[in-house]
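Please look over the sequence and the structure shown below.

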Amino acid sequence: MNEKKSIWDSNAVYTFISIIFGFLVGAILLTAAGINAGEAYSKLVTGVFSKPKFIMWAIIYASPLILTGLSVAFSFRTGVFNIGAEGQFVMGSLAACVVGIKLSLPAPLHVLVCILAAMAAGAVWGAIVGLLKVKKGINEVLSYIMFNWIAFYFSNYVVNIPAIHREGGGEATRDIADTARILMPEAIRKATDCQSANWGILLAIIAAVIIWFLINKTTLGYQLRAVGFNRHAAEYGGINANRAMMTAMAISGAMAGLGGAVQLMGMSGRISQFASQEMFGFQGITVALIGASNPIGCIFAGLFYGAMKYGGSKLSLIKTPSEVVDIIMGTIILFIAVSHIFRKLLAGRKKGGN
Amino acid sequence: MDTIIRDLGLLINATLIATPPLLYAALGSCFSERSGVVNIGIEGMMSIGAFVGAVVALATGRPWFSFFCGGLAGAAFGLIHAIACVTYGADQTISGTAINFLAPGLAVFLCKAMFDNSSDTPPLDTASKLPKLFDGVFPAGSFMSNVFSTYAAAYLSFVVVAIVWFVFYKTRFGLRLRAVGEHPKACDTLGINVFRIRYICVILSGFLAGLGGAYVTLATVNQFRPVVIVGQGFIAIAAVIFGKFTPQGAMKACLLFGLCSGVKVLASAGNKVSPNLISMIPYVVTIIVLVLFVGHGRVPAANGKPYVKSK
């Protein structure tokens, strides 16, 4: 135990190795499909880094993903698998949208009210699932999935209510008031040549720091982690496990709801009718896994995913299927999932060396 | 009276068409979960099954063979899940999530690579689609035709329920797979090969999920599109939890979901109620039923825990 901590003990190393494997598998597949992998990957990189505008776009893509990632990571730390971030995201976005259209308030207050509404909606959506689990013993994975779809159709229903549906054509709501937008000042948007540049990233980073603090530095965080480690031991130690779990599920939902608000108030400005799930919640699972369930790790994982998603959208310009990004991401997670095997192998070799 | 019978026929028909993909996938999920391996990759396995089914049908024009190939494609991803979770003891949820990115991603990637960067395959002609039972025996649009003349693979799915039930409760393999999901260590002590049983079950779960996906492209829709599998895999998993991890329970839950989409089809024709509200019904009903009648579901005891052989 007195041994110096080797770099092979750090999660980041295995994540890095997994990322390399991900790109390797992607390259093999591209080559097999007769596509020049080098060209595709250089497009992926230049598509993100060659202009400030592109970098800004990658950050815009990343902001909601950091938040859904935080949501899932927080749930992981407390022993719950929040597969319902998708629905909480939708409800958050919807709440912010209704408040953003219907209320008229001065700018900073309007933004605050929208954000609080979104977080409350996400928290409630997550807490109901917690309540069902605690009071009725209903499997949370099942209710999360049900609530994802209820949110999906509820959003589509609300979008079509005349009071907020946009006039004229288009299956979408009206635009939210300018006072509820979180766009960066005109000067920055001009300078970066990106009209959608927004403060979502700042909100995401603040949220990550708060969640980090909550988990690691507060009594509540200690209780939640204790329940996540061993529910029975925590209860024996005097922690109300049911209450802790519900609190955790509500906070996790609030983060996903905030993600929905950021997407709406930063980028889209309105909600369109969904044809299929938008996947922000599910992509959040990936972000949480790559970030090793660490709130600060989620910032980097979210930026990575955002860049991949935005860069991937450029691949169609060179007739390369953008789905290679999904394959790379899937491979990365798969390797992260089995990475403890590498760890064992390396540990074994170290022991043999002594 | 006549319209009631006709509507009833249409409702049964719509239910019969919507249920099988969920049912095949749910039966697959039963195998995996009961053997102690959580498989949330069912969704992805359905996608790849849907794609491979459609492509093989386009190439060969042989629907049943294509249906089987769709199953095999799902089984291949079942194998990946088994290697990761059973051999390498990976977190089952993480591996399943990975498959939900890998399999649909690969399906659309291959589709674009094969069909000139289009994410849809060309449509199948009628001869390449799965056949209907008693085709042309009953007058078109009649009650009998609606109830008895839909896709043969739809009726087959209910036969598979009976087979799976038999395997689970009347065979030695079934007893073992259920035991492995409850107490792998005890099974190992008795000389049952825990790893082998879990491998078989997880691969079977992929195979059945692949069949469910292939049913969608070869029967319901006549081509592969990225949106043909949107959430059915997750609904199938929900049905299994709802049905308390038994094949017969999962069937009832799938029929409930199928019936609700049947109601949706009929009601949206009337255009009186918002189709979005009607679409919500199955999910709301599931929650209500659970709260009122079912309550505590018992998960197989060893579910989600990798089994590590002690030395």
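## Asp175(A) and its partners

In this predicted model, Asp175(A) has a relative accessibility of 41% and so counts as partly exposed (buried is under 20% relative accessible area, exposed over 50% and partly exposed in between, with a 1.4 Å probe and protein chains only). Arg270(A) forms a salt bridge with Asp175(A), the closest N and O atoms being 2.8 Å apart, where a salt bridge is a side-chain nitrogen of Lys or Arg within 4 Å of a carboxyl oxygen of Asp or Glu. Because Arg270(A) lies in the loop between α11 (241-268) and α12 (280-290) of chain A, and Asp175(A) in the loop between α6 (140-159) and α7 (186-192) of chain A, the pair ties together parts that are 95 residues apart in sequence; helices here are DSSP runs (H or I, at least four residues), numbered from the N terminus.

Arg270(A), at 32% relative accessibility, is likewise partly exposed. Arg166(A), Asp175(A) and Arg270(A) are linked in a network of salt bridges.

## Other salt bridges

Over all chains, a search of the whole structure finds nine salt bridges. One of them joins Glu186(A) to Lys190(A) at 3.8 Å, N to O, and both residues lie in helix α7 of chain A, four residues apart, or about one turn of the helix. Glu186(A) is partly exposed at 38% relative accessibility, whereas Lys190(A) is exposed at 60%.

## Basis of the values

Residues are numbered from 1 along each chain as its sequence is written, and chains are lettered from A in the order in which they are written. Local features need pLDDT of at least 70 and side-chain atom pairs count only at pLDDT 80 or more, while side-chain values use heavy atoms, leaving out hydrogens and water.

Conventions:
Helix = DSSP H or I, 4+ residues; strand = E, 2+ residues; numbered from the N terminus.
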